[in-house]
Amino acid sequence: MKIAMWSGPRNLSTALMYSFANRSDMRVVDEPFYASYLAQTGLSHPMRDEVIASQNVDADAVIEELIGGDPSIHHYQKHMTQHMLPTIARNWLTEVKNVFLIRHPARVLASWANKHDTPSLADIGFKQQLEIFEHVVALGERALVIDASDIRMNPEGSLRALCSSIDLEWDRAMLSWDTGPKPFDGVWAAHWYDAVHRSSGFAKVEKDMPQLRGDLASVNEKALPLYERLAAHKLPI
């Protein structure tokens, strides 16, 4: 089984990758299109040169790796939706089980502001996430949606529901993991993964919704309808 988990930044995506990686039957890959994305866009991200040096920048070659491999081993792919540029082929999405991890944009933006300047709508991936979701549906494939807040509120219930929906046997090992860096972390983990490296399980329920102002509030206003369209398809827990 190949699972493509589609998320934007500053979500629960790395913790969820650690959750699946803690299964003995699962191999994971961390943001395989990141180097290709940076090479094609020319964007200046933290550790840009290191990221490009660490991965294949040929998106077609990356796709071949994602849909190939040993079929007896489950394969979990952590993807950032903004990395799927329009130039990248999408016919391979029929070869994987597509799951969309969403988080309220106000929480995404508040978290982003702790690490970065104010992002554009494109930076946080909501538009791309909805486009990929709709493309998967148009291909006649099932597109599953899970919300980070639901996972934090009820980790076991949420993950059991997800596993059931993709015909994957439930494994309690998904509820916790060892602290510290992981061998499958992307090279960018040194900049972004400090909090998740201190974790050994999913964080507790989030506090009140952050109140945004200025440019952050403007981006949130644009992202919220996109989030709500995806949220309408959330898996019941």
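Predicted model: local features only at pLDDT ≥ 70, side-chain atom pairs only at ≥ 80, totals over all residues.

Entry 1: I looked up who lines the second largest cavity and found Gly8, Pro9, Asn11, Ile102, Arg103, Val108, Ile124, Gly125, Phe126 and Gln129. Its volume is about 40 Å³. By class, I read 5 nonpolar, 4 polar and 1 charged residues in the lining of the second largest cavity.

**Entry 2: the largest cavity.** How many cavities of 30 Å³ or more are there? I count 2 by this rule. The largest cavity holds about 50 Å³ of space. I listed its lining as Val145, Ile146, Asp147, Asp150, Ile151, Ser158, Ala161, Leu235, Pro236 and Ile237. Strand β5 (143-147), α8 and α9 (155-165) each supply at least two residues of this lining, and β5 gives the most, with 3 residues. The classes here are 7 nonpolar, 1 polar and 2 charged.

**Entry 3: Ser7.** Next I checked Ser7, which is found in strand β1 (residues 2-7). Is Ser7 buried or exposed? Ser7 counts as buried because its relative accessibility is 1%, and the cut-off for buried is under 20%. I found a polar contact of 3.3 Å between the side chains of Ser7 and Asn11; Asn11 is also one of the residues that line the second largest cavity. Leaving out residues up to four places away in sequence, Ser7 touches Ser13, His79, Met80, Thr81, Gln82, Leu101 and Gln129.

**Entry 4: the largest pocket.** I then turned to open space. The largest pocket has a volume of about 1,000 Å³. Which residues lie nearest its centre? I noted Pro9, Arg10, Asn11, Ser111 and Trp192, out of 45 lining residues. Elements that each supply at least two residues of this lining are α1 (13-21), α2 (34-41), β3 (74-80), α5 (105-113), α8 (148-153) and α11 (194-197). Helix α5 has the largest share, 4 residues. I sorted the lining of the largest pocket by class and got 20 nonpolar, 12 polar and 13 charged.

**Entry 5: the second largest pocket.** For the second largest pocket I have a volume of about 250 Å³. Of its 17 lining residues, Val29, Asp30, Pro32, Gln55 and Glu65 are the closest to the centre. Two or more residues come from each of β2 (26-30) and α4 (59-67), with β2 giving the largest share, 4 residues. The lining of the second largest pocket divides into 8 nonpolar, 5 polar and 4 charged residues.

**Entry 6: the core.** Last, I looked at the packing. The largest nonpolar core has 72 residues, and Leu16, Phe20, Phe33, Tyr76, Trp92, Ile146 and Leu162 have the most contacts inside it. Helix α12 (residues 214-231) gives the most to this core, with 7 residues. Ile146, on that list of core residues, also lines the largest cavity. I followed up Tyr76, whose contacts beyond four places away in sequence are Ile3, Met5, Leu16, Met17, Phe20, Met26, Arg27, Val28 and Val29.

Terms used
Residues numbered from 1 in each chain as written. Heavy atoms only, no water. Buried < 20%, exposed > 50% of the residue type's maximum accessible area, 1.4 Å probe, protein only. Polar contact = N/O pair within 3.5 Å; in protein donor to acceptor, adjacent residues only side chain to side chain. Contact = heavy atoms within 4.5 Å. 1 Å grid on protein atoms, 1.4 Å probe; cavity = no way out; pocket = protein on both sides within 12 Å on 5 of 7 lines; lining within 4 Å. Points joined across faces, edges and corners; volume = space filled by probe spheres on them. Nonpolar A, V, L, I, M, F, W, Y, C, P; charged D, E, K, R; others polar. Core = buried A, V, L, I, M, F, W, Y, C linked by side-chain atoms within 4.5 Å.
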